[in-house]
Amino acid sequence: MPERMFSVAQSGWLAVCLWLLLGGSTLAAAFNPTPEALEKNRQANLKCLACHSEAALRQPPKVDLDLKKLRGLIVDPAAFAASSHARLACGKCHTEGYAEHPHAEDAKDMTSTCDDCHSKQARVIEAEFEQSVHADNLTEPMTCLTCHNPHRMQAAKNLKQPDLIVAQDNRVCLGCHDSDATFAQYAPEKKTRPLTDDAHAWLPNARMHWKSVRCVECHTPSNPNTQSHQILSKDKAVKDCVACHSRDSLLSARLYRHLAEEDQRKYGFINSAILGKPYVVGATRNPLLDGIVIALVVLTLVGMLAHGLVRYLAARLRRRKQHD
Amino acid sequence: MTERIYLFPLWLRLWHWANALLILVLGVTGISLHFAGPDMYLVDFSLAVRIHNVAGLALAALYGFFVIANAVSGNWWQYVPKSPGVLQRCWTQTRFYLWGVFKGEHEPFPMTREANFNALQAIIYWLVMYLLLPITIVSGLIYLNPQWAPARMFGLDGLLPVALLHYLSAAVILMFAISHVYLGTMGARPTSTHKTMITGWHEAE
Ligand code: HEM
């Protein structure tokens, strides 16, 4: 292992020290490679991608490759370059046995898991997951990898655009909940897949909602710091329209929370409420515009009443004069 | 004795009251939607959505009827202010509302079979019926099928201009409706024009 300077235990300690130094900030903040190191990672990754990509299937770099097997082991270079792990070397996770091909027999067992690097976050997430509806009963247990592809995953706070976040996150849930085959693979015996459309028949245009809002919005408790991984049982899910369709929409603390700062900078405080986010009936309200509209309606009402009153008084005055 | 003339045929009266009812319903549910929240006591959000969507479609259909019936019957001509002196007559009418009516003056342009709107009415009714209401209806129909709206517009959510247009045009229509009800008390007696819209018969002074 020439490229590794520290043992696993040592780098673990180093990481802990770094976190303490940075006031317990996240790993992403602590990960600060030099441009040279980044370039080195990129070059190293190109070597792996020379075989593990579509291009390699069309033009194999080596003659005796098992192309059939390789077809199932493709990493999309563009998706990887956009992912949260883009700056990492493949070898950072595929730690040993992959430098040469054919790869080592036990290479797969050496792959780092999420909590090797994200131990602090993973501890919280694992605790939340323990209480999730998916934690017990499943024939095939879920792991982080069931929902997260480390080669593609993009953190919501980097994606920012709600429609992109929604597409990524809902694909995860619908991957099982819209597919009998995948669901059956995990489901307890004899459990058939509840039809997602039937379960949400109370929600008008549910499929439209799922283009603009995430499953986790309604199915997890709110957590101010991260996305909770505790999927609640169905009787605890949000069913109240006004939870989202109102001024204090839960969406601003969840789906839209990564937009807030940037929008306020771009549009100013008053306008960011209406310009930055998708338009959601009841939630998108501009206080200035609403103030003007309400004032005009009140003015119309008061104007008419006043006019009527003066008309009435004037008529009485005229009648009294006629009598005199 | 007052003179009675038959002004409004049955179809027009039925249209008028159906239109008024739908706009009232759409106004109440629309307000419930826009100002939705735990402190909104008008109509529950989910119910408001269902009512608003049905009433909205009904209003769109009714509007189609209105346009066709107006064209066929020739009633559309009432909405065209007749030259010359339109501005002068508008001013005379405005002056009457702002001043003359308090002194007990008579309506400067009483309703006749040939012209049941005064010039000011004709212009305002034309704007409301042929400009504002279509804007509200078309934006409402797009709102009902958000996929018709552009995905993005000027870097903003494409539904934003549609929703704003719907909200603002609806607000102006509600303001018009309020003043419309009030101006309806300006007949021979406060109730007489409302009666006219029910019976079709107008009492001239
Ligand atoms: C004069 C009549 C109408 C009034 C006063 C009115 C008023 C409103 C208001 C205030 C809102 C909330 C807007 C927002 O917060 O963005 C709204 C929403 C909406 N309106 Fe209307 N509207 C009228 C007619 C229509 C018509 C004719 C249609 C459709 C054919 C329609 C369809 C909708 C839809 C689809 C929404 C979104 C909420 C929902 O799906 O129910 N409206 N309306």
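From the N terminus on, chain B runs β-α-α-α-α-β-β-α-α-β, which gives six helices and four strands. The model is predicted. The C-alpha trace of chain B spans about 60 × 35 × 35 Å along its principal axes. Of the 205 residues in chain B, 40% are buried. The accessible surface of this chain comes to about 11300 Å², and carbon and sulfur atoms hold 74% of that area. Among the contacts in chain B between residues at least 6 apart in sequence, 66% join residues at least 24 apart.

## Nonpolar cores

The largest nonpolar core has 25 residues, and B:Leu59, B:Met129 and B:Leu133 have the most contacts inside it. Two or more residues each come from helices α1 (10–34), α2 (45–73) and α4 of chain B. Of these elements, α4(B) gives the most, with seven residues.

Which residues does B:Leu133 contact, leaving aside its neighbours within four places in sequence? They are B:Asn19, B:Ile23, B:Leu59, B:Tyr63, B:Val128 and B:Ile173. Another core, of twelve residues, lies apart from the largest one and includes A:Leu251, A:Tyr256, A:Leu259 and A:Ala283.

## A nonpolar patch on chain B

The patch covers about 430 Å² and is made by B:Trp126, B:Leu127, B:Leu131, B:Ile135 and B:Leu165. B:Leu165 is found in helix α5 (residues 159–183) of chain B. Its relative accessibility is 49%, so B:Leu165 counts as partly exposed.

## Aromatic pairs

Over all chains, the structure holds 14 aromatic pairs. One of them joins B:Phe96 and B:Tyr97, with 5.7 Å from centre to centre and 50 degrees between the planes, a tilted arrangement. Both B:Phe96 and B:Tyr97 are buried.

The pair of B:Tyr125 and B:Phe176 is edge-to-face, because its planes stand at 90 degrees, with the ring centres 5.9 Å apart. This pair links distant parts of the chain: B:Tyr125 belongs to helix α4 of chain B and B:Phe176 to helix α5 of chain B, 51 residues apart. B:Tyr125 has a relative accessible area of 16% and is therefore buried.

Both rings also belong to a cluster linked by ring pairs, made up of B:Trp15, B:Tyr63, B:Phe66, B:Tyr79, B:Phe117, B:Tyr125, B:Trp126, B:Tyr130 and B:Phe176. Within this cluster, B:Trp126 is also one of the residues of the nonpolar patch, and B:Tyr63 is among the contacts of B:Leu133.

## Salt bridges

The structure holds eight salt bridges over all chains.

| A:Asp178 | A:Arg193 | 3.9 Å |

In chain A, A:Asp178 sits in the loop between α12 (162–177) and α13 (180–186), and A:Arg193 in the loop between α13 and α14 (196–199), 15 residues apart. Is A:Asp178 buried or partly exposed? With 34% relative accessibility, A:Asp178 counts as partly exposed, whereas A:Arg193, at 16%, counts as buried.

The bridge between A:Asp197 and A:Arg207 links helix α14 with helix α15 of chain A, its two residues being ten residues apart. A:Asp197 is partly exposed, with a relative accessible area of 40%, and A:Arg207 is partly exposed at 35%. A network of salt bridges links A:Asp178, A:Asp180, A:Arg193, A:Asp197 and A:Arg207.

In chain B, B:Glu105 lies in the loop between α3 (86–98) and α4, while B:Arg95 lies in helix α3, so this bridge ties together parts ten residues apart in sequence. B:Glu105 counts as partly exposed at 31% relative accessibility, as does B:Arg95 at 30%.

## A buried arginine in chain A

A:Arg214 is placed in the loop between α15 (206–212) and α16 (215–219) of chain A. Its relative accessibility is 5%, so A:Arg214 counts as buried. Not counting residues up to four places away in sequence, A:Arg214 touches A:Ile165, A:Val166, A:Asp169, A:Asn170, A:Gln227, A:Arg254 and A:Leu255.

Technical notes. Residues numbered from 1 in each chain as written. Chains lettered and ligands numbered in written order. Predicted model: local features only at pLDDT ≥ 70, side-chain atom pairs only at ≥ 80, totals over all residues. Heavy atoms only, no water. Patch = residues over 30% accessible without salt bridge, like charges linked within 9 Å, V, L, I, M, F, W, Y side chains within 5 Å. Areas by Shrake-Rupley, 256 points an atom, 1.4 Å probe, with all protein chains shown as cover. Salt bridge = Lys/Arg side-chain N within 4 Å of Asp/Glu carboxyl O. Buried < 20%, exposed > 50% of the residue type's maximum accessible area, 1.4 Å probe, protein only. Core = buried A, V, L, I, M, F, W, Y, C linked by side-chain atoms within 4.5 Å. Contact = heavy atoms within 4.5 Å. Phe/Tyr/Trp six-rings, centres within 6.5 Å; stacked < 30°, edge-to-face > 60°.
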